[in-house]
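User: I would like to learn how to read a protein model feature by feature. Please give the general idea where there is one, and then the case at hand.

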Amino acid sequence: ALAVVVFARWSPIGAFFVSADRSPRLHGDFIAAPRMARTLHRLPRWSPCPDMQDKHYDVIVVGAGFAGLACAHQLARHGLAVYVIDRKQDLGERVHTTGILVQEACDAPLLAGMPPALLRAVPHVRLYAPNLRSVRLGADGYRFHTTDTPALMRWLGEHAETCGVELRRGCPFRNAARTPTGWQVEGVGRARVLVGADGARSRVAQRLGLGRVKQFLHGVEYEFDGVALREPDALHCFISKRFAPGYLGWMAQTPTGVQAGLARRYRPGNIQAPDMAGFLRHVAPMMGLSVTRSPDSIRAGLIPCGGPVGPMRGDDVVLVGDAAGMVSPLTAGGIHSGLRHGATIGRMLAGRLAGEPSSGTPGAPPVPGFALKRLLRWAFDHGQFDAPMDLLLTARPLRRAVEQLCFHRRGSMTPDPAGAD
């Protein structure tokens, strides 16, 4: 039963890939696979911002990902001067997220007006046991959404700018010094409050002595442009200790093609990457993909899975999203929680800077402890076995339980067009 609860909540929704270091061997930046050798040495170097030391803002946000932009969006809506810096010149390059959205994420204020062409609805989940027997899960009215993730990130940056956010691309965070009125951010300017939204390897956390993420999954994702799955209306999730110890593999139809991913528990000192080639040989034929086709792009890195960090705030500084560890320890889902956490911090900061006495301090909202999910994470790390899953997955009562959990108690038995598996 414990195994069923673990697997039922196991999905790669919104998992953020965060570079472990600068080594191309490990993090495999977003690159075109056929031109990998030529591309690696041409990846853009970080360039310093022009001298803007005399600029003054209410809030400086480091990182233009989902959480950082959600926070900045709320601050701008309340009339505050907010400045976002991001190390990338192009927010759509070297993307470190699957871009898979749960339905609740699509209701976030930041995503209002998102172009429909950037999304593809996926109404079902097909969950595979290690022996590749599967169950099809669904819930009336509930959808997951895959995205054209590079285009989505570019649109989010432009959308935030139209809402009053000042965004500086190609500007890395180097350091910050405390001032009587807030922070002096090196090469950027002054702010009353500093927000670190720069991912699980947060430089803000490192430089300013805040909590840092310490537990990860190691993920790899391939993208195949212009191809179609045999069953495109399902998010395909593969449980396998052989290929994905501590997590799973996945495959989904996107607006531009197919994405296939694999993640495993990351152990410090062990740089063994997930075996994507072996995984694709194992599952590609049944999915309608060619085993011999090379991916058009690859992204890889570390996915935080240890829960909230501590401390996540200090004097006039606060971490949000992945930098704060606001990622489910079980599912490693970070987009929805990042959007929600960033927006909450933005609203609270807006109230505090406006002098509202009840607004509290940065980082004051309740932080989920993820107690049950941490327990299940421990159980999966220490007790994952393929044989029980082969036996349990297709049992009808357990199928029902899994479906209820996957779709937040909205699940219902879903007819399988392929018949019995």
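User: In which helix does Gly157 lie?

Analyst: The model is a predicted one. Gly157 belongs to helix H5.

User: Is Gly157 buried or exposed?

Analyst: Gly157 has a relative accessibility of 0%, so this residue counts as buried.

User: Which residues does Gly157 touch, leaving aside those up to four places away in sequence?

Analyst: Gly157 is in contact with Leu69, Leu91, Leu167 and Arg169. For Leu69, the separation from Gly157 is 88 residues in sequence, while the C-alpha to C-alpha distance is 7.4 Å.

User: How many of the twelve residues of H4 are buried?

Analyst: Eleven of the twelve are buried, so H4 is largely enclosed by the rest of the structure. Among them are Phe66, Leu69, Cys71, His73 and Gln74.

User: How does one describe a pair of aromatic rings?

Analyst: Such a pair is described by the distance of the centres and the angle of the planes. In this structure, a search of the whole model finds eight aromatic pairs. One of them joins Tyr222 and Phe224, with 6.4 Å centre to centre and 70 degrees between the planes, an edge-to-face arrangement. Tyr222 is buried at 17% relative accessibility, and Phe224 is buried with a relative accessible area of 5%.

User: Why is the pair of Phe238 and Phe279 edge-to-face?

Analyst: The planes of Phe238 and Phe279 stand at 80 degrees, with the ring centres 5.5 Å apart, so the pair is edge-to-face. The cut-off for this class is an angle over 60 degrees. Phe238 lies in strand E12 (residues 234-238) and Phe279 in helix H7 (residues 276-287), so this pair ties together parts 41 residues apart in sequence. Both Phe238 and Phe279 are buried. Ring pairs also link Phe238 and Phe279 with Tyr128 and Phe243 into a cluster.

User: In which sense do strands E8 and E9 pair?

Analyst: Strand E8 (residues 176-179) and strand E9 (residues 182-185) are antiparallel, paired over four bridges. Two residues lie between E8 and E9 in the hairpin they form. Ala176 has Val185 in E9 as its bridge partner.

User: How many bridges join E9 to E10?

Analyst: Three bridges join these antiparallel strands. Here Val185 stands opposite Gly189 in E10. E9 and E10 form a hairpin with three residues between them, and Gly187 in the turn has a positive phi of about 75 degrees.

User: Finally, how many helices and strands does the protein chain have?

Analyst: The protein chain has eleven helices and 18 strands. Of its 421 residues, 59% are buried. The chain exposes about 16900 Å², of which carbon and sulfur atoms supply 53%. Among contacts between residues at least 6 apart in sequence, 76% join residues at least 24 apart.

Notes:
Residues numbered from 1 in each chain as written. Predicted model: local features only at pLDDT ≥ 70, side-chain atom pairs only at ≥ 80, totals over all residues. Heavy atoms only, no water. Phe/Tyr/Trp six-rings, centres within 6.5 Å; stacked < 30°, edge-to-face > 60°. Buried < 20%, exposed > 50% of the residue type's maximum accessible area, 1.4 Å probe, protein only. Contact = heavy atoms within 4.5 Å. Areas by Shrake-Rupley, 256 points an atom, 1.4 Å probe, with all protein chains shown as cover. Pairing = 2+ DSSP bridges.
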